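Visitor: I'd like to learn how to read the contacts and the sheet in this one. Can you walk me through it?

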Amino acid sequence: MVQKRILVVDDDDGIREVIQICLEAIAGWEVIPAASGKEALTAAQNRKPDAILLDVMMPDMDGLKTFQQLQTRSQTELIPTIFLTAKSKISEQRKLQFIGVAGVIIKPFEPYNLVDQIKTILNW
Amino acid sequence: MILPISPETKINYLLATVALKIRQSLNLQEILQVTVQEVRKLLESERVFIYQFKPQDKSFVAVESLSHQKWSIIEENIQDCIFTSSFFPLYQRGKVITKIDESNYHFCHKLHVQANLIVPIILPKTPRSNNYLWGLLVVNECSKPRQWHKTEIDYLKRLIDQVAIAIQQAELLAKQEQKLQAEEELRRSQERLQLALESSGDGLWDWNILTDEVYLSPQWLQMLGYEPDELPASYYTWEKLIHPEDKPWVMNILHNHLQDSSVPYSFDHRLRTKSGEWKWIANYGKVVTRDRHGTPIRMVGTHKDISSRKQVEAELLHKSAELAEFSYNLKQLHRLNTTHYSSLKKLFNDYLKTGCSIFQCATGIISRVQAQTYTIYAVQSEIEFLSPNQQFDIGTTFCAEVVRTKKTITYNNIGADIKLRHHPVYQNLQLECYISTPILVYGEVYGTLNFSSTQIRNRDFSIHEREIIELMAQSIGKFIEVYQIEIQRQQAEIKLRKAKEELEIRVDRRTVQLREANKRLQQELQQREYAQAALQESETRFQTMANCFPLLMWIANEEGKCTFFNKSWLDYTGQTIEEELGYGWAKEVHSQDLTKCIAIHQESFKSRQPFQQEYRLRRWDGKYRWLLDYGTPRYRPDGSFAGYIGSCIDINDRKEIEATLQESERRWRTLLENVRMLVVALDPQGNVDYVNPYLLEVTEYDREEVIGQKWLDKFIRFQDRPEAEKLFKKVLKPNSCSQNHRKVILTRSGECKVVAWNSTQLRNLQGEPIGMICIGEDITERHAIEKMKDEFISVVSHELRTPLTAVHGALSLLVKGAVTPESTQGKRTLQIAAESTERLVRLVKDILELERLESGNIELIKQKVNAKELIKQAIEQIQFMANQAGVHLKLQKADVVFYADGDRLIQVLTNLLTNAIKFSKPGSSVCLCAQSEHPDNLEQQPQILFVVKDEGRGIPTEQLESIFERFHQVDASDSRQKGGTGLGLAICRNIVEQHGGKIWVESMVEKGSTFYFTIPFVE
């Protein structure tokens, strides 16, 4: 199987590192970390990841804005994007699904399930 | 000869053939089947299928066409990103996809796809819907790769356009069939309902609004006198039968109910029966079916015959009108009875004139009947040939019957009466109505009082009208009696005078006859005594009459002393006439009213004007009751003033009702004027009728600026007006309930106030809506607090969840063995868990601390403290951190003693110092000093000022205030990078404010910030 490359975007260092360790250790994927929406846009364009894991609540440019930016660029518009959110209300999750993201993962997550969840959403 | 055909023409030909085949069918499955077959045949591919999109993951393979059965996928649950929503934007733009790579794992490996061509099927726009992505046409090669030719792709795109149209038509047809089925279902449920309702006895109707067909039950028709099936089963059958006066509002209610089922459809209306009469019918109905757009489809209801109830209602109404008229007529009668007439002729004319107006008759006659002769005594008429002294044979008048029976008779609509219409009176004068009563003098018929008119009355003469004419005839009779006595007296006087003259002549000429004459004189004198006795008797008669009068009556002489009270008065007061005479009656008048009462009495006697006054009079049972007293001056036949005659009516009940109403009004007004709620009343046009002072206070307007203004224009924001208008109309509808709603209103300065309103209809006596009253509570602050609380909870939950996620994730990785603790990754994982745990602990501690401070659960332990000591302890705590950061601490110790909670102040200082160090570059310095301030102004307290100054990056001006709020750092990401919780400054502010001090900051971006706080020496 080809090694997957995943862009992980979260402003919280702790969470981002945990996800990185988790994806590397369990799934053996390559992880590109990004601490903000801006970093994410540059990384998505330059490194062509297979998927993007995007935190919703971030200062300055939040997950939604970042996603909209990704959609407007031809190099990044087809990269499947999964939202990470601490919002647990069903109505808010549904709102995210309607804008065309591949899926939503709720924080806090179980590291083992995280890999499975990503695989299920992306049909890997 | 075969002509060479260009590839373009060939394709067009093929396209036309296939399109024709497809368009021949209206069955969806058939269309799809033909499509895939034809496409596969044409492209000679191994698999062609159509994938149809359905909501909620129910998309599926609709049809397939295969070169070999082994390629079948129709049962397959295809899970490939190519069929998920992430590709929708591309498909919706009509993009054809041929790309296939490793990312389409399922597609390549499970379905053995080696070459792929996907064309989206987009249904064209219709008046009801926009164009939308219906499905995909997919062409696969499974045993070998293949390059797709451009003409092939073009061909497919054009074919799919045709297929899309065919699908759309097929779907429309299917929908149409579903609709027919639904109508059939509707019809069956109608039948069931009818069976259930027809046993109730009421008329039943069931209206199919789409077709305007109405089922009218046999009872419905019978109620109006029709046989079953006699009228067409149409909506217009009913509409045509409605009374024209009822039709506009009935149509209005129907319209409103069709729009909105919450508007009740229940009312009484008149319908025309087969015989042409109007019948009152109660109609109650309801829309029972609406389609998914809310359009009404079916409405059912019942009819109930309520004619008898309506008749009773009408009679009651009529009775009360009659009573009102009767009491007015009694007043007229009182006027007639108390007016002094200089001649009988004037009296008769006034009676006839008043009578004509009371009975609404053009002609009034007082007649004298002697034997068979009917003589007109006085007449008031438009008929010219009727004049006083005219004589008729009694047989030719309607009065014959009156004289014979000595009773009142009334006729109405004589022209319709078979017996009476041949009567000579009707033949000559066409009198249609007639009321007549005998005038009795000394118990004998003297003549008649009658009124007549050529107009037919809308109702027969009532019992009250008979009473009125009888009372009038009684009065006339009495007056004639008195008049006759007067005549006799005058005749007696004339005789006496003549006798005197004769006597003188006789004395002169025939003294011898003196004795005889004397004797005769004696006789004449005796006669005169008789006449005076007769006069005396007339006085007695008047008193008898007055005693029968139902009102309280009194008579006073020219000096103002009362000389007579009728029986009603004496019964009322329970006194004897002797006790009341003169000014005796005044002792029954209430002490508070007496002075005024006597004053008016005496004043009127001086001016000789009619008067009217109200006072309280003690009744026989000791209770004081309000009377209305009318007094009229009396004159003797010679024109000299004779005193007053008066009559009184008990108006106590009316007064009590007035007082109750006034008190009720006063209470409500006091309540409205003082209540701390907003109150406004609007008229039906939406203009302000009333506002209470609190509303003016909140909106900062003066009353004059608001009254009469349009409420919507003045107080409601432009964007809220349509909704407010809708609500207003709803409240104004008949029988509406009160409405609770939350609205923003604008004050004079344009500020928005959130108000929780309750709006209720205002009604008049008849229950008709005449406006709206709204009572509201200003919940602006409550609203703002609720919003702030929600925001805070949302922020806190995010702040807590973030470190928790890291801790949980890290520990989970270690526990499940994904990383080993000894590895580099493992060590880092442990470190993340520790750091995040620490942050979580700090955050929880700070939140609890702040919560305790804000709720006032922490008591400050105030002691004598020295600023020098506080600074020393604070420095000890942060010295290590400063050294780590390479920041130099500068101190200025002040020896100031004051009262404060030392530990808390150290907390503030370390907090400010920590912040200062965190945002300082290595090599820069942080300054801390304290000094006491003794202001010149005695009103200000002496206080100590602490200053923490850094050379860090500073704070933008617009955030100088908000940094003291919770979770409000200059840059939110600072909190994590600098390890703060976002609550430190909020805690500082709380501690300082609890000491009665102030905290603030001055700052310049890139130059540094200076935090100040003050603590007063004493409280």
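Guide: Happy to. A polar contact here is a pair of N or O atoms within 3.5 Å; within protein, one must be able to donate a hydrogen and the other to accept it. Keep in mind that this is a predicted model.

Visitor: How many residue pairs are in polar contact between chain A and chain B?

Guide: Five, with both residues at pLDDT 80 or more. Helix H1 (13-27) and helix H5 (111-122) of chain A each bring at least two residues to the side that touches chain B, and H1(A) gives the most, with nine. That side of chain A has 14 nonpolar, three polar and seven charged residues.

Visitor: And what about salt bridges across the interface of chain A and chain B?

Guide: The rule finds three. A:Asp12 pairs with B:Arg839 in a salt bridge, with 3.3 Å between the closest N and O atoms.

Visitor: How is the size of an interface often given?

Guide: Often as the accessible area lost when the parts come together. Here chain A and chain B bury about 2,600 Å² between them, 62% of it on carbon and sulfur atoms. Chain A puts in 24 residues and chain B 29.

Visitor: Now the sheet: what is the order of the five strands in chain B?

Guide: S22-S21-S25-S24-S23, an open sheet with antiparallel pairing. The edges are S22 (688-691) and S23 (739-746) of chain B, each pairing on one side only. From one strand to the next, the twist averages 30°.

Visitor: Which strand do eight bridges join to S23(B)?

Guide: Strand S24 (residues 752-763) of chain B, running antiparallel to S23(B). B:Lys743 sits opposite B:Val755 in S24(B). Helix H22 (residues 721-732) of chain B packs on the sheet too, its direction making about 140° with that of S23(B).

Terms used. Residues numbered from 1 in each chain as written. Chains lettered and ligands numbered in written order. Predicted model: local features only at pLDDT ≥ 70, side-chain atom pairs only at ≥ 80, totals over all residues. Heavy atoms only, no water. Contact = heavy atoms within 4.5 Å. Buried area = accessible area lost by both parts, 1.4 Å probe. Salt bridge = Lys/Arg side-chain N within 4 Å of Asp/Glu carboxyl O. Polar contact = N/O pair within 3.5 Å; in protein donor to acceptor, adjacent residues only side chain to side chain. Helix = DSSP H or I, 4+ residues; strand = E, 2+ residues; numbered from the N terminus. Nonpolar A, V, L, I, M, F, W, Y, C, P; charged D, E, K, R; others polar. Pairing = 2+ DSSP bridges. Axes fitted to C-alpha atoms, helices over the stretch in contact; angles between N-to-C directions.
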